[in-house]
Amino acid sequence: MNPPIDSQRMEKIVSLCKRRGFIFQSSEIYGGLNGAWDYGPLGVELKRNLKNYWWRTMVHERDDVVGMDGAILTHPAVLKASGHVEGFSDPMIDCRTCKAHLRSDQLVDKKGVRQCPNCGGKDLTEARQFNLMFETHVGASAEESSVAYLRPETAQSIFTQFKNILEVSRKKLPFGIAQIGKAFRNEINPRNFTFRSREFEQMELEYFCRPEQGMELLEYWKEERLKFYENIGLSRANLHVLNVPDEDRAFYSKGTYDIEYDFPFGRQELEGVAYRTDYDLSQHQKASGKSLEYFGEETKERFIPHVVEPSAGVDRTVLAMICEAYAEDQAPNDKGEMESRIVLRFSPRMAPVKCAVFPLLKNKEQLVAKAKEIVALLRPHMAVFYDESGAIGRRYRRQDEIGTPFGVTVDFETFGEKDQALRDTVTLRDRDSMKQERVSIGELVKFLSSRIR
Ligand code: GAP
């Protein structure tokens with residue numbers, strides 16, 4: 001059953017993202033550019049942690065995957081061969097009453113009558129195909145200039161570089177090529193915060209194989225990708241797998257799973273895992289006239305490899321992590337009274353700041369100096385934040401709100417004032433349980449590193 005839509009929760013999340021510097025509207029001071037977003041100091045850390053973890057698990061920890069970083073500007077021949085120039089479009093309908101441009105699947109059906117979701121108008125145009133690609137021109141003068149496209153997916157440069165990468169990496173099937181990078185789509189109606197944007201990032205793997213391995217690898221990658229999402233803190237209960245029915249799949253795909261997530265605005269796609277057969281490489285071989293075949297040493301045959309593609313959205317995954325992490329609960333203030341708090345329960349692996357360091361009082365030089373020493377000790381290993389201003393409870397609260405999993409406080413016990421046994425120890429506070437324990441400064445790096453990796 002689909003979860004209920006919770007627009008209030010989503011509003012709170014959007015507001016927190018702006019207030020604490022995760023995500024801002026792009027060009028905001030000029031009224032904003034629809035479908036474009038800027039990530040602030042905390043958003044960029046979260047995004048980087050996600051991309052680094054994807055790269056680590058999909059490339060560095062495997063023998064069978066190599067990476068690449070392709071150009072965004074794409075030769076039109078590439079996108080003609082892939083079918084994007086002809087067919088990468090959505091059906092668009094205009095509302096004659098409020099002049100809104102709508103994707104046809106966004107219309108509301110009231111007792112069999114289609115209406116505009118914005119104004120309820122029933123005076124609608126026929127559907128027409130709207131190509132989602134951004135076209136641009138390269139070359140200094142008008143005569144020299146020729147059309148190029150901003151890539152609508154990162155995948156195509158992987159296919160067009162397949163032969164070069166095969167040769168330099170000397171990999172044998174099955175093997176994959178991974179890429180993280182920007183993609184652009186002129187979406188008819190960008191919405192749900194960053195969920196549907198016009199500029200976004202993808203994390204894509206094209207995993208090449210023999211034809212008979214395709215269906216099995218589709219299952220394998222679906223499971224691997226589900227594990228990935230659990231490892232970045234999304235709960236299994238909020239993740240769902242949709243086996244895309246034949247009539248909704250691309251004609252060349254023999255099987256596609258959508259990995260979906262229960263966002264506050266509904267269950268929506270996070271990632272597609274598709275068995276694309278040999279469609280892309282065949283198309284590029286045909287159009288370029290260059291062989292994209294693979295020679296199997298064992299069987300002595302030449303053939304075009306098939307491909308299974310797990311394709312994830314960076315921005316959608318960041319948004320899912322924020323939605324999953326957002327919580328409101330009760331926490332004691334400095335007087336021990338319970339207050340409501342906002343907390344982002346990010347997995348420590350993904351949290352933008354891993355550890356905050358506080359001197360108990362900012363006007364005690366000894367405490368401040370020791371806290372700064374600890375910052376210097378931790379900094380080579382993790383993102384750390386130093387904060388000396390305000391009551392300690394308020395400082396904890398500020399860190400809870402940005403999802404910092406650990407807080408270290410230097411107090412008088414650190415100098416063994418009452419108990420020599422506590423000398424060179426600090427209080428370590430856990431964001432979620434709010435429990436505090438004494439940990440020796442010498443143990444801190446090891447203790448924290450094991451929890452954030
Ligand atoms: N190469 C296959 C491909 O691009 P897709 O399903 O169109 O497949 C893959 O896109 C992923 O890219 C989606 O699951 C989503 O996470 C992300 N994505 C696609 N369009 C997006 C948009 N307009 N805004 C944000 N993310 C988007």
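Author: Let us start with a strand pair. This is a predicted model. Six bridges join strand β13 (residues 199–209) to β19, and the two run antiparallel.

Reader: What makes β13 and β19 a pair?

Author: Pairing takes at least two bridges between two strands. β13 and β19 have six, so they pair. Within β19, S311 stands opposite E204.

Reader: How do you know that β16 pairs with β19?

Author: The cut-off is again at least two bridges. Strand β16 (residues 266–277) is joined to β19 by six bridges, so this counts as a pair, in the antiparallel sense. Here V273 stands opposite P310 of β19.

Reader: Why is β19 called mostly covered?

Author: Buried means under 20% relative accessible area. In β19 (residues 306–313), eight of its eight residues are buried, so the strand is called mostly covered.

Reader: What makes both faces of β19 count as covered?

Author: Take each side in turn. H306, V308, P310 and A312 are on one side, and all are buried. V307, E309, S311 and G313 are on the other, and they are all buried too.

Reader: Why is G70 called buried?

Author: Its relative accessibility is 15%. The limit is under 20%, so G70 counts as buried.

Reader: Where is G70 found, and which residues does G70 touch?

Author: G70 lies in the loop between β3 (65–67) and β4 (73–74). Leaving out residues up to four places away in sequence, G70 touches R151, S157 and Q179.

Reader: How many Å apart in space are G70 and A312?

Author: They are 17 Å apart, C-alpha to C-alpha. In sequence, 242 residues separate G70 and A312.

Methods:
Residues numbered from 1 in each chain as written. Predicted model: local features only at pLDDT ≥ 70, side-chain atom pairs only at ≥ 80, totals over all residues. Heavy atoms only, no water. Helix = DSSP H or I, 4+ residues; strand = E, 2+ residues; numbered from the N terminus. Buried < 20%, exposed > 50% of the residue type's maximum accessible area, 1.4 Å probe, protein only. Contact = heavy atoms within 4.5 Å.
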